[in-house]
Each structure stands twice: as structure tokens, then as C-alpha cells.
Amino acid sequence: REIVGDNLALFGNIDPVYTFPSGSPQEVIEACKQAIETGGINGGFILSTGGGPPRSGAPVHNIEAMIAAVNEIGQYPLTKP
């Protein structure tokens with residue numbers, strides 16, 4: 001965000017290799033929080049799992065953790081912590 005400013009939408013990922021398919025729900029929440037707080041200030045941010053669900057799949061509890069994190073901290077307007 002510091003490099004491109006507010007004129008470009010960012011598409012940011014949580015780790016699709018370890019965190020999303022194999023991490024704990026808390027790790028998923030922390031990864032979402034870091035991505036949202038880093039890329040989402042002033043809008044224009046899309047949280048992703050790296051272009052879709054991992055080929056190996058992801059446990060339902062990690063999908064639910066990602067949705068919960070977005071509902072809790074991903075609502076605009078975001079402000080710097």
C-alpha cells in the first residue's frame with residue numbers, strides 16, 4: 001500500500017500452502033488480520049487464499065475462521081491501528 005497508494009486495488013493472500021490448508025483457525029485469523037491491516041487501509045483490498053482454495057483442500061474450520069476474521073476486522077472504513 002505504501003508503494004502504490006490508494007489508486008490501485010490490492011489482491012492479497014493468506015498462505016495457500018501451509019496456513020489455509022494446514023494451520024489452526026487462530027493462525028488463519030492472524031494471517032487475515034495482518035493482510036487486511038497491511039493492504040486494506042483506505043479501501044481497495046481483496047482478501048484471498050491465493051487464487052482459490054488449495055488443491056489439497058482446506059478444513060471447514062479454517063474457511064469459517066477466514067469468514068469470521070473478515071466479518072470482524074475487514075469492514076470499511078479501516079483505520080491505521
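Colleague: Leaving aside its neighbours within four places in sequence, which residues is Asn42 in contact with?

Modeller: First, a caveat: this is a predicted model, where local features need pLDDT of at least 70 and side-chain atom pairs count only at pLDDT 80 or more, while totals for chains, interfaces and linings use all residues. Residues are numbered from 1 along each chain as its sequence is written, and side-chain values use heavy atoms, with hydrogens and water left out. Asn42 lies in the loop between H2 and E2; helices (H or I, at least four residues) and strands (E, at least two) are DSSP runs, numbered from the N terminus. With contact meaning heavy atoms within 4.5 Å, the partners of Asn42 beyond those neighbours are Asp6 and Leu78.

Colleague: Is Asn42 buried or exposed?

Modeller: The cut-offs are under 20% relative accessible area for buried, over 50% for exposed, and partly exposed in between (1.4 Å probe, protein chains only). Asn42 has a relative accessible area of 55%, so Asn42 is exposed.

Colleague: How far apart are the end C-alpha atoms of H3?

Modeller: The expected span of a helix is 1.5 Å times one less than its number of residues. H3 has 14 residues, so it should span 20 Å, and the model agrees: the end C-alpha atoms are 20 Å apart.

Colleague: What arc do the buried residues of H3 cover around the axis?

Modeller: The buried residues of H3 are Asn62, Ala65, Met66 and Ala69. They sit on the same side of H3, because the arc they cover around the axis is only 100 degrees. That arc is taken from the directions from the helix axis to the C-beta atoms. So the value you want is 100 degrees.

Colleague: And what do the buried residues of H3 pack against?

Modeller: On the other side of H3, Val60, Glu64, Ile67 and Asn71 are exposed. The buried residues of H3 pack against helix H1 (19–22), H2 and E2.
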